[in-house]
Amino acid sequence: DERDQQIVLLIDCGRRMAAQDDALSHFDHVLNAALLLAWVGLRQGDAVGAMTMSGPDRWIAPRKSGATVNLLLNGLYDLHPTAATSDYYAAAVRLGTRLKKRALVVVLSNLRDEDDDTLLPALELLRARHLVLFASLREDILTRALKTRVDSFGRALTHAATADYLHDRELAFRRLAHRGALCLDVEPQQLPVALVNRYLDIKRGGRL
């Protein structure tokens with residue numbers, strides 16, 4: 001496995017991250033997954049840092065010290081989702097001024113159809129230097145809606161609308177992959193393990 005690489009966690013603090021499927025918000029799930037990935041990355045010999053978007057501007061430069069996880073905790077613990085709209089391009093511009101060495105940039109957010117206007121240009125900007133992994137949270141109510149027995153007209157409409165939404169979402173991820181991004185679309189509870197596994201796959205594949 002490659003060592004001495006950089007991981008930067010780009011954490012969305014926008015309003016969509018206030019969504020909640022269980023006791024935790026999507027934002028809480030993202031923070032938990034980010035800290036787990038940071039711990040694993042440091043154990044793998046990589047430097048880990050973080051930046052926020054669509055909220056208070058926090059920047060923690062990548063580092064390899066044993067105190068990095070505590071540094072991330074102290075730098076991120078007081079954050080909450082804001083009312084701001086997620087602006088990926090503005091975040092990519094800011095990150096470009098701070099991060100010069102090639103890195104794995106992990107975008108932690110929740111994909112929406114309207115994101116193409118800022119997400120695709122942001123991806124083009126980031127891909128010029130970095131490897132980008134877009135990790136998106138998918139509401140588990142969508143899975144439940146598809147599994148619910150269709151025994152009424154109302155449930156049939158819900159099922160059809162959910163299927164259409166997920167189809168459009170899949171097309172959006174295909175557009176990201178076509179532009180060179182790695183993608184992960186999972187329910188919140190699955191994010192920590194799925195994110196770590198994808199990172200380890202990237203390491204084993206020598207992608208960085």
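Helix α1 has 18 residues and spans 26 Å from first to last C-alpha, close to the 26 Å expected at 1.5 Å a residue (the expectation being 1.5 Å times one less than the number of residues). The model is a predicted one, with local features needing pLDDT of at least 70 and side-chain atom pairs counted only at pLDDT 80 or more, while totals for chains, interfaces and linings use all residues. Numbering starts from 1 along each chain as its sequence is written, and side-chain values use heavy atoms, with hydrogens and water left out.

Overall, the protein has seven helices and six strands (DSSP runs numbered from the N terminus: H or I of at least four residues for helices, E of at least two for strands). From the N terminus on, they run β-α-β-β-α-α-β-α-β-α-α-β-α. Of the 208 residues, 49% are buried, meaning under 20% relative accessible area with a 1.4 Å probe on protein chains only. As for contacts (heavy atoms within 4.5 Å), 76% of those with a separation of 6 or more link residues 24 or more positions apart.

Back to α1, residues 26–43: its axis comes within 9 Å of that of α7, residues 191–204, and the two cross at roughly 35 degrees. Axes here are lines fitted to C-alpha atoms over the stretch in contact, with angles running from 0 to 180 degrees between N-to-C directions. The crossing is right-handed, that is, the near helix is turned clockwise from the far one by less than a right angle. On the α1 side the contact uses His29, Val30, Ala33, Leu36, Leu37, Val40 and Gly41, and on the α7 side Leu191, Pro192, Leu195, Val196, Tyr199 and Leu200. These residues split into 11 nonpolar, two polar and no charged (nonpolar: Ala, Val, Leu, Ile, Met, Phe, Trp, Tyr, Cys and Pro; charged: Asp, Glu, Lys and Arg; polar: the others, Gly among them). The buried residues of α1 include His29, Val30, Ala33, Leu37, Val40 and Gly41. Just after α1, Gly45 takes a positive phi of about 90 degrees.

Strand β6, residues 182–186, is mostly covered, with four of its five residues buried. Strand β5, residues 131–137, pairs with β6 in the parallel sense over five bridges (pairing takes at least two DSSP bridges). In this pair, Ala135 stands opposite Leu184 of β6.

Leu119 sits in helix α4, residues 116–127, and is buried at a relative accessible area of 5%. Beyond its neighbours within four places in sequence, Leu119 touches Tyr88, Leu111, Phe134 and Leu176.

How values were computed:
Buried means under 20% relative accessible area, exposed over 50%, partly exposed in between (1.4 Å probe, protein chains only).
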